[in-house]
Structure formats: structure tokens, C-alpha cells
Amino acid sequence: MAASSVLSLSGLCHWAAWLFLLYLLYKASTLYLRWQQLRRVFSAFPGPERHWLYGNAHELKEDGTDLDVMDGFAKQYEYGYPLWIGSFYASLMVGHPEYAKAILTRQDPKDNVVYRFLVPWIGKGLLVLSGPKWFQHRKLLTPAFHYDVLKPYIKLMSDCTNTMLDTWEKLVPDQKPLELFHYVSLMTLDSIMKCAFSYESNCQNDSENEYIKAVYELSHLVEYRSRCYPYHNSLIFYLSPHGARFRRALKIVHEHTSNVIKQRKEALKQVTELEKVKQRRHLDFLDILLYAKDENGQGLSDEDLQAEVDTFMFEGHDTTASGVSWTLYCLAKHPEHQEKCREEIREVLGERNTVEWEDLGKMPYTTMCVKESMRLYPPVPVVARELSQPITFCDGRSLPKGTNVFLNIFSINRNPDMWEEPEVFDPLRFSPDNPIKKHAYSFIPFSAGSRNCIGQNFAMHEMKVAVALTLQRFELTPDLDKDKEPLKAILVVLRSLNGIHVNLRKLQRKS
């Protein structure tokens, strides 16, 4: 009996070993076929030499030089080149406006590689949706960015900026360089919560708030996961300590969002029309979402509401914080342009420390500087698409359905065929009097086409408000410490690995 059991067990082990070997052969053949398919797909696109195992990943060292490395490749391979991450994943990295136009004039969905890491947090909102549901949401959300809705936000943006500047005034006597992004990010988070959700977070004075910490935790973990290849596997990430932290932060953020929506629904229970809300206070993003109806009278479900609120919270504060921080950095490095902006701002604002709606159109030079900063340092440096149909480009080369394409906005905005001396900070490129006709897709900080950033006017208004009030109160100079030179990081938004540092000098009010 015992011998029979041993033989039976031995037979099972034998079969298990064969099954495991067959599984390994299946996986190996699948990967080989994947490799061959990718080689065929990109056969017409020359690119940088790749390692047999790492692909081009070993060229990207995550040391602040990756965007410059990719920009070098973009200049070498005119329209686009395949970027291989390992041997079994590759995408076309586009660095030319003509290729960008071909892609962005379609309605391809976002790729399912990086954006999927955001879905547990922001749900399936406008950022990641595609097809008819994306179109429905886009149509329902568009009224939330009408200028009548945006107008009252300008004062709130001014208040939030002044809270940040008051903090900076307390730090000036220390005579230490200030790291901008931390403070600007808190300010833009405070602003979006006040503007879009009429919510007083006090996050600039209470950054230890549980919800605020959770938002920052999620941002960090999504970025970390996108850089850590083993964490691309959901099970590995779920079982890891980082996965446990992600779930804890997720619970806090989702409960907060649910409570904000629930409280607003309760407050609006007896109000059936938006016009009646408008009589009491300014409309905000959440009001528009709650009252939005399509042509069939269908509104957003609770799940869709939560997704759009979380999406706008995510998209609306870090991207704007990046834009403001890099603009102030550029102006610190170029005092002649900083002073021209300041003269313009003082002429418009006088002694007022609040920007008004009508002021925004009276700051053309400041606007030009913001745009030039975004050309050099786009808040979202790379966006991705998955081709829903085959595509043929202007030079006759083609890609099949299902191919992943990355649009390197950083390189497109610096393309030497489109811009003279593209590395030079020159706001006059955006002067209305400049006769040079730019390619429509040579400057796309908010992407372009039907899937462009729905909140770009909100972001531009906030950047102009923040820059104007900062220059009215402070003179900015660069930190000359070479170790503090910003190291550009390809994260969800363009950050610096070592921060963005400037020196501040408090300006005296003119009598």
C-alpha cells in the first residue's frame, strides 16, 4: 500500500514537471512571437541601438537626463523611433509635429500600460475613457469650463496664491533658497478644492491633514509603480508593501470624495435648477456634474461622478503646479524678462493684491513668458495612445492597429525644424506681432485635437494669477549651487528629482 502511494506520488510529480515544462515552452514561444511581431511592426523605423535583453531601457537612467537622452534620439530620427523597454515591449516615440498631427486628429484611446495604474485611484473618468462614453462625458463636462463658471474662480486663486506668498514672506529672513514645487503644489491643491468643490481644506497650513497626505501618497506611488517594472504586474504590486500603502491611501481619498459628493447632494436636494444655485453662490465644477444631463435626460451615475471628481482633483493640481514652478524658475534665470513682466503686472494691478477677471487679458508679456516656459518644460512631457485603427503617416510609413505610440511633447515643443534656437528662452516667439507661422502641432503643452486638456483655460488662468502675484511681491534669482540645478524627471507630470530652487527677495511696495 505504501509503495503504491509512493509510486502514485512519483507519477504526479512526473506529470507536474511535464506540465510546468510545457507551460515554460508556451510562455517562451509566446514571447518569441511577440518579439518577432514587434520587429515587423517597427521594421520601417530606424532607432537607437538596443540591447538584446534591456532594449533601450539601460539608456534611461532616471537621473534627470532621460528627457534629454530621448530628445537627442528625436533629433537623430526625424519623425519617430521605436523605444524598447526590454525585449518584449516597444512603442513608437514621436517627436515631430506632423506625426503628432496624424495621431492627435484621431480619437485613439490612451494606452493601457501607464494609465491603467491610475484607474484604481481616479476610476474611469475623462482621462482614461474612450469611445461613446468618453464623448458623452466630454459633452457633459464642457459647460463646467465655460468662462461664466471660471470667472469667480480668479478671486479664489488669488486668495490661495496670497496664502502661499505669506508663507514665503516668513521664510525670506532665513536667506535660504526656496524649493518651489512643494509650496506651489499645496497652493494649487487648495485652489482646486475651493474653486471646483467649494471645499475649505486648509491644506496650505495643515499639510499633515489625512486626506492631503493620502493624495500625495497616491501621486508618489503611481509614479513609483510606473518606473518599477516588476510592479507592472498587479499581483506583485498588490502583495508588496507599496501596494498595501496604496490601498490605505486609496480608502482615505475615496471616502473623502464620497463624502464631498454626498454633502453636496444633500445641500442641493430641494434645488431643482442650476439658476437657483447661481442666485445663492457661484457655480462650481461639482454643481455642473450633479445637474448634467444628456439629450436623453440621463445624468452621471454615482460611480461616474466619483471618477470625474477624482480625475479633476488629480489632473488639476499637479499639472498646474508644474507649470507655475517651471515658469518661476525660468523667470528667475532670465531677470530681463522677469522685470518686463513685473512692470506690466504693476501697471495692471497697481497696489491691488488680487487679480480680477478683466486683468487676465491685460498681461500679454506675462502670458508669453508662461507659454515659453511650457514650451521648454511642458507640465505633461509625454502622452500615450494605443492605435484603434491602422495609421499611415505623411512619409508613407505605417503602423498597425494595437500599436502603442508615445508623443514626446518635450521634444515636439523643441523641434529644431519648427523653432529657431529651440533651447533658448525667448517669449517673443509667442508675440502676436511675430510673423513666423508655427506648425499647429509644434506647441502642444495641453495636447491637441478632440482629446486635448478640457481644463486648459482653468490652468492658464491659475498660472497667470500665481505668476503675477508672485512677481508683484518678490524678486526671484536662481540658486547658483550646481547641485541644485533641476534634474528633469519623466513622471506623471514634469517634476525635478532634486526640487526647483530659487532665491527670494521681498520687494518694497511703491508709495
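A residue is called buried here when its relative accessible area is under 20%, exposed when that area is over 50%, and partly exposed in between, using a 1.4 Å probe and protein chains only. The structure is a predicted model, in which local features need pLDDT of at least 70 and side-chain atom pairs count only at pLDDT 80 or more, while totals for chains, interfaces and linings use all residues. Residues are numbered from 1 along each chain as its sequence is written, and side-chain values use heavy atoms, with hydrogens and water left out.

We can start with the chain as a whole. Of its 511 residues, 52% count as buried. The secondary structure comprises 18 helices and eleven strands; these are DSSP runs numbered from the N terminus, with helices (H or I) of at least four residues and strands (E) of at least two. Taken along the principal axes, the C-alpha atoms fill a box of roughly 100 × 60 × 50 Å. The radius of gyration, taken over C-alpha atoms, can be set against a globule rule of 2.2 Å times the number of residues to the power 0.38. For 511 residues a compact globule would come near 24 Å, and the chain, at 25 Å, agrees. With contact defined as heavy atoms within 4.5 Å, 74% of the contacts between residues at least 6 apart in sequence join residues at least 24 apart.

His242 belongs to helix H11 (residues 241–267) and, with a relative accessible area of 19%, is buried. Beyond its neighbours within four places in sequence, His242 is in contact with Leu221, Tyr224, Tyr231 and Phe237. Helix H7 (residues 153–171) has 19 residues. The buried residues of H7 include Ile154, Met157, Thr161, Met164, Leu165 and Trp168.

On a 1 Å grid over the protein atoms alone, a cavity is a set of points where a 1.4 Å probe fits but cannot get out, whereas a pocket is an open set with protein on both sides within 12 Å along at least five of seven lines; lining residues have an atom within 4 Å of a point. Grid points are joined across faces, edges and corners, and a volume is the space filled by probe spheres set on the points.

The second largest pocket holds about 280 Å³. Its lining has 16 residues, with Phe181, Glu223, Leu491, Arg495 and Ser496 nearest the centre. Helix H8 (180–197), helix H9 (210–227) and strand E10 (494–496) each give two or more residues to this lining, and H9 gives the most, with five.

There are two cavities of 30 Å³ or more. The largest has a volume of about 60 Å³, and its lining includes Met193, Tyr211, His256, Val309 and Asp310. H8, H11 and helix H14 (302–333) each supply at least two residues of that lining. The second largest cavity has about 40 Å³ of space and is lined by Leu118, Trp121, Ser219, Val222, Glu223, Phe314, Asp318, Val492 and Val493. H9 provides the largest share of this lining, three residues.

Technical notes:
Expected span 1.5 Å × (residues − 1).
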